[in-house]
Amino acid sequence: MLKTRIITALILAPIAIGGIFFLSPLGFALFTGAIITLGAWEWANMSGIESPAGRVGYALATAILLYGLLNVPFVAVLWLSLLWWGVCFLLVRSYPGGSEKWGSLPARAVMGLFVLVPAWVGLNHLRTGGFQFGDSTNNLLLILYVFCVVWVADIGAYFAGRAFGKAKLAPRVSPGKSWAGVWGGLMAVGVFALVVSWLASAGTVQTSLLIVASLATGLVSVLGDLLESMLKRHRGIKDSSQLLPGHGGIMDRIDSLTAAIPVFALIITQLGWLTTGHW
């Protein structure tokens, strides 16, 4: 299994790096749209759509929706996403209670759109918007930053959870997660934001705001992970798919990012560091 995971990572890494850092904005939109469409194909299964034709149809419908949003104001979608993740917090906290309200196939299918579509919108807003933080104006570094916030939070949570993780965060949803892991991840994110602010020559106010924005992003990334775990538990499956040998599915790799990206994009837009760009 370890060998399979390594081989898969070695194949995917250059594809991901090339797609994110070496494409034009429109090419980036198409590349990320393809990833979201594959994620939708997996979400169809999590929502209870078992037939291959039904899963493909759901994925295609998601792709069409992405195309229809090309000229829709990004910020409106991001505000809707923020409200959605507030609802998700209540759903995860009450599970398994309340599952009768969202457990039907149509409800879970709609939930997938609220997860996947704003993630694509937020990512492309980060790619095309006018950006300024400290002395940095590089949108690609901005995208890398939000990815790193999620990765740093995961790494910090792993080590803190192993060392101090007795009190469970959401045992009915994801028994492996602990409160110590959450606090350890957030501490790591705060230090990371401080280092990045220093490298960007940001002032005290910008540094403080970036730390707060990054902590909020790291916190909501945990919610993205928990929501997918809840859906998989309700569906009775371990992985979203087997598209990535040794790693499960695409959703298993991007679940935290689907929550982190739109929330981070909205926060830094409201702070004035990111303005709406053009394709």
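A: Start with accessibility, in what is a predicted model. Buried means under 20% relative accessible area, exposed means over 50%, and partly exposed is in between.

Q: Why is Phe 114 called partly exposed?
A: Its relative accessibility is 29%. Buried needs under 20% and exposed needs over 50%, so Phe 114 falls in between.

Q: What makes Trp 84 buried or exposed?
A: Trp 84 has a relative accessible area of 10%. The cut-off for buried is under 20%, so Trp 84 is buried.

Q: Why is the pair of Trp 84 and Phe 114 called stacked?
A: Two numbers decide it, because a pair of aromatic rings is described by the distance of the centres and the angle of the planes. For Trp 84 and Phe 114 these are 5.3 Å and 25 degrees. Centres must lie within 6.5 Å and planes under 30 degrees apart, so the pair counts as stacked. The count by this rule comes to nine aromatic pairs.

Q: What does the pair of Trp 84 and Phe 114 tie together?
A: Trp 84 lies in helix 4 (residues 74–94), and Phe 114 lies in helix 6 (residues 105–128). The pair therefore ties together parts that are 30 residues apart in sequence. Ring pairs also link Trp 84, Trp 85 and Phe 114 into a cluster.

Q: How do you know that Trp 179 and Trp 183 form a stacked pair?
A: Their centres are 6.3 Å apart, with 25 degrees between the planes. Both values pass the limits of 6.5 Å and 30 degrees, so this pair is stacked. Here both residues lie in helix 8 (residues 179–199), four residues apart, about one turn of the helix.

Q: What labels do Trp 179 and Trp 183 get for accessibility?
A: Trp 179 has 40% relative accessible area and is partly exposed. Trp 183 has 53%, and the cut-off for exposed is over 50%, so Trp 183 is exposed.

Q: What makes Arg 55 count as lying over the face of Trp 41?
A: Arg 55 is 3.9 Å from the ring centre. The distance limit is within 6 Å, and the angle limit is within 35 degrees of the ring normal. Arg 127 is placed in this way too: its charged end sits over the ring of Phe 28, 6.0 Å from the centre.

Q: Which residues have the most contacts inside the largest nonpolar core?
A: They are Trp 43, Trp 85, Leu 126, Leu 227 and Met 230, in a core of 76 residues. Helix 10 (residues 250–270) gives the largest share, 12 residues. Met 230 touches Leu 91, Val 92, Tyr 95, Trp 102 and Val 173, leaving out residues up to four places away in sequence.

Q: Why is the bond from Tyr 95 to Pro 96 worth a look?
A: This peptide bond is cis, with omega near 5 degrees. Most peptide bonds are trans. Pro 96 lies in the loop between helix 4 and helix 5 (99–102).

Q: What sets Ser 201 apart in its phi?
A: Its phi is positive, about 55 degrees, although Ser 201 is not a glycine. Most residues other than glycine have a negative phi. Ser 201 is found in the loop between helix 8 and helix 9. At 52% relative accessibility, against a cut-off of over 50%, Ser 201 therefore counts as exposed.

Note on methods. Residues are numbered from 1 along each chain as its sequence is written. This is a predicted model: local features need pLDDT of at least 70, side-chain atom pairs count only at pLDDT 80 or more; totals for chains, interfaces and linings use all residues. Side-chain values use heavy atoms; hydrogens and water are left out. A nonpolar core is a set of buried Ala, Val, Leu, Ile, Met, Phe, Trp, Tyr and Cys residues joined through side-chain atoms within 4.5 Å. Buried means under 20% relative accessible area, exposed over 50%, partly exposed in between (1.4 Å probe, protein chains only). Helices (H or I, at least four residues) and strands (E, at least two) are DSSP runs, numbered from the N terminus. Contact means heavy atoms within 4.5 Å. Rings of Phe, Tyr and Trp (its six-membered ring) pair if their centres lie within 6.5 Å; planes under 30 degrees apart count as stacked, over 60 as edge-to-face and the rest as tilted.
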